[in-house]
Amino acid sequence: AKPDKPRGTLSHLAMALAIEVARDDDIQQASDFLESDGGSDLFACTETLRSLQRRAADRQARIELLEDRAQVVVHELANRRLEAQECEKSFFELQGVNIRSVQFRRMHGLRNPVEERLVNPAQKALQEKTSKILQSVETNLLQEVTRDGRREIDKHGFKVFDAGDLMVTKSEDAARVEGSRRESLLVTYAADNSELPRHLTYCIAEATTVRQLHLDACAYWGLPEVEYVLKSTNNSKLHENMLVHDCLRRNEDGHFVLVHKTPKNPIILQQEWLDIQPKFGRKKVKRPAEEEQKLGSSTAVGNNSSLAEQMVMLPGLFQFMTQRDRDARRHLPPLKLRSLCVYLMLLVLTAWCLFRLRPPLYSYWCNEGIAQVMTGEIHSAPFESIRSVEGIWTWLEETVAAELFVEDSVLRRHNYLLGYVQVLTQQVTETESSTCVQASAVQGTGNFTCVGLSFDESNADKTRQQEIEAYWSGKVGQDGRSFSEPWVFSTGRTAGAHPQTDAFREFDASGYSADYHLQYTPLSKVHDAFLNDMKFLQQVDWLSPHTRALHVSFVVFNANHQTWVWNRFTFEMTAFGVIYPLSHIEDFRPRLNEYGMEYGLLGADLARLVLVILVCFQVFLDVWRLQTATGAGWKHFLTLQAITDLLIFVLFLVAFIRRMAFYTSESSVSHAMAAFNELSFHDVGQISASYNFNAILDGVVVALCCFRFAYFMRVSRAVFVVWSAVERAASVASSLVPLVLLSLLGFVVVGMAVDSRDSPYTRTIGLITTRVVMLLAGDDRTVAALHPDRPAELLYSVVLSASFRLFILNTWIAVMMQEYHRVRIAAGFDPKQYRWKEYDWVRWGVAWPFSSLYLRFRPKAEPSKRFTDEDSVASW
C-alpha cells in the first residue's frame, strides 16, 4: 500500500539531507527517484539514502587519500628543489673549472683537454672525478627519463611512491642528538598588579640565541627589552650571547621566565657619600671621630660586610670557593686509540733498537775493564793523579808497555789488539817579543820563556826536529815501528767530536806522532823498541814547556761482547805547568749486520718509518681540526705537541739515514784488514762517534714519544687532571721565568768571581752555570767540594739555596697545589660520575662499523651520564 502524505514528506526531508553531502550526479539520481513512484516508498528512500551515504563516505576517504598524496608530492617537490639547487651549484663550479681549464690551455699553448691532463696532474685528477660525477648524474637522469625508470601513476595522475622511498635515514648519533634537542619552550611573564601569568610557546632552532628570544618575547607582549631580563626557573640570569640549547640541561624543563629588572637604589648613604669625598686639599671632608673609629673597626673585623665581600678581599679565594664541576670533555674527541697505539709502538720499537745498540752492562764492562787496567794502580800511579812530566814518562814505560806489548798482559788476555798504537805530541812555537812585552823585559833574569797558551794551526810548531831524525831515520819500519816519521809535523785526520774536546780546549789530530804495530811478531821486539824510544825522547826533552798535549790512541776488539773499543788517553799541559789527564773510552761496531741483529734492526727501522709517517698524518689531522674550528690551522705549529711531532720526524729521519750507512759500510773483517794493511795508525774516532750519536738520537726519540704518549693518555681522568694542573701551573709560573733567569745569571757571575780561582769546575761561564744547577739539585759531590776555609764560598752557597729553594721552589709548589685543586674540582670532583661504561669503551676503542654492529647486538649498552655544560679547561 502507498504511504500516506506525512511519510512521503519525511522521505523527501531525508533525501534532501542526503543531497547535501552528494555530488551532482547523486543529486540528479535523487531528484529522478523523488519524481518517480519510489519517492513515496519509505523503504526505497531508506535504501537510497544509505547508498548515498556510503558513496559520500567513500568519496571522503578518497579525498583524504588524495590530500595525503598531495602532501607527499609537496615534500618531494621541496626535495627536488634542493637537488636542483645543488645541481645548479655543481654546474657553476664545473663551469668555473672549465673556464680555468680553458685559460690554462691558452696559457700553455695546449690544444685539447687531453694534453692538459697530461701536463697538469691536478686537472687530470679533477677530470676523472668530474667524469665519475657526470656518469652518475646521467645514469640517474636516464632512469628517470626512460619508461622503465618512471614511477607508476594512478588514475588521478599522481605518482605512486613506496614507503621506503620517502623515508629519511639518519645515523644513530644524529638521531640521538636530534631526539634530545628541544624544538620549543615556554616563556612565562607575570604582569605587574596581576596574579595570572601569561605564557608564550616559542619555537627555537639550533642557532637561536638568548638575545633573540629576549627581543621576541618583549616584542610579543609590547615590553621594553632594556627593563626586562630572561631567567631560568632556578632564578639564574641567562647570558644573551649563549645559545638557547646550551642554557638547558638534558633533563631540565624548557621553561624561562621574563621578569622585571631589580631597580637600582638612587639614594646614597652617608657612609658612601663620605667615601667619595676628597681626602686631601681645600675641599677635604673630615669625618667625625666616632665615625673614624667605627669605620676602622668594621674594616678591620669585617662585621658589616658579607661573606662574598670578605672572600673578594683575598686574591683568588672567591674564584676558588665559587668554582664548580664543569664536565670538561672537549679534549676527548682528538684523543683517538689509534694515535695512542702509534706512539706506544714507536716508543717500544725505538727503545728496543736502543737496547740493541747499547746492550745493558756491555758498554760498562768493556769500558770499565780497559779503564781499570790503563788508569789504575796496577803498574804505576793512578792515571788521574799524574801531575808531572816524570809521571807521564813513568806511565808510558810501565803501564802502556806492560799492557800493549806483553803477550800475557791482562788487556791482551781478554781483548784482541789490532793496528797501531799512536803516541802523538802537539807543540807550539815561542811567542814573539812584540806580543809578550813584559815577558821580554824579565826574560834575561832566568829561564822564563814566553810561549803560546793554546795549540792551533797558527802557532803550531812545524819545524823539522833534527835530533829525532838522526836517531829514527834508520829505524823506520823496523821492530814494529810504523813507516811514519816522528820528526816531521803531520796534518792528522779528525778523531771524532768527543775525543777532540779536552779539559780546557779542543785539539785536532795533527802533530808529531810515533806509531807501533800491536800484532808484530815477536812482540818482545816491539816492547824493547818502545822502551828505548821513550827513553830517547825523554832525553831530548820531547815533552817540553812548548808541549800542549800528549795523546795515546789505540783500538781493541772484545770477542766476548763482540764490541770494538776505541781508546784515547790525553795529557793536557797548560802554559802554567799544570798537567790535566783525561781518558776517553768508547765502544762501537763498524757494521750492524754482522752481529745477529741486522734483520731485527732493519725490520724495526722500516716499521718505525711507517709509524713516523702516521705521526705526520697526526699533525695533519690536528691542523685540519684547528682549521675547521677556528680558521687558523697554522697556529697548531706553535704548540708543543706539533713541535714534538716534527722533532720526532726529523730526528728519526736523521737516525734512519745514518743507520743505513752502517748497514752498507765496510765489514768488520775489512775494517780489521785495513788496520793491518795500513803502514801507520788508523783513526776510528769518527766511526765510534757516529755510532754513539745514533744511540743518542734514539734516546731523544724515546723521550719525545713518552711525552706524546702521556699527552694522549689524558683520556684517563686521573692523567688529565695531573696534566692540566702541570700545564696551568707552568703557564702561571712562566711570568717568573725572566726573574729566575736574571737571578741565575747574577749567581753565575758572582760564583765565577768567588770560586773561579779555587775550583776547576768554575773556570768558565758554562762550567759555573752547570755547578750552580748541580748545587740547586743537591748533588753530594758538588756540596762536598765546598771548602770550610773559604767563608765567601759557603755564604754564596747558603744564599743560593735560600733564594731558589725557599722562594722559587716554594712558589712553584704553591702554584702547583692551587692549580691542581682547581682542575680537580672543575674536571670532576667525584670520579665515580666519570667512569666509562661499556658504551663509552666500545665507541672509543672499536672502529666505527664494528662498534655500530656491536651496539646493535647490545642495545642495553648506554653511555655514562654527563652534564650538558661543555666548558673547556682553557676557559677556567
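1. The structure, a predicted model, holds 13 salt bridges, a salt bridge being a side-chain nitrogen of Lys or Arg within 4 Å of a carboxyl oxygen of Asp or Glu. In this predicted model local features need pLDDT of at least 70 and side-chain atom pairs count only at pLDDT 80 or more, while totals for chains, interfaces and linings use all residues. Residues are numbered from 1 along each chain as its sequence is written, and side-chain values use heavy atoms, with hydrogens and water left out.

2. One of the salt bridges joins R211 and E240, at 3.0 Å from N to O. Because R211 lies in helix α7 (residues 210-221) and E240 in the loop between β3 (228-232) and β4 (255-260), the pair ties together parts that are 29 residues apart in sequence; helices (H or I, at least four residues) and strands (E, at least two) are DSSP runs, numbered from the N terminus.

3. R625 pairs with D622 in a salt bridge whose closest N and O atoms are 3.1 Å apart, and the two residues, three apart in helix α20 (residues 598-630), are separated by about one helical turn. R625 is partly exposed at 28% relative accessible area, whereas D622 is buried at 12% (buried means under 20% relative accessible area, exposed over 50%, partly exposed in between, with a 1.4 Å probe and protein chains only).

4. A further salt bridge brings together the side chains of R728 and E819, at 2.9 Å from N to O. This pair links distant parts of the chain, with R728 in helix α24 (residues 717-733) and E819 in helix α28 (residues 791-826), 91 residues apart, and both R728 and E819 are buried.

5. E76, R80 and E83 are linked in a network of salt bridges.
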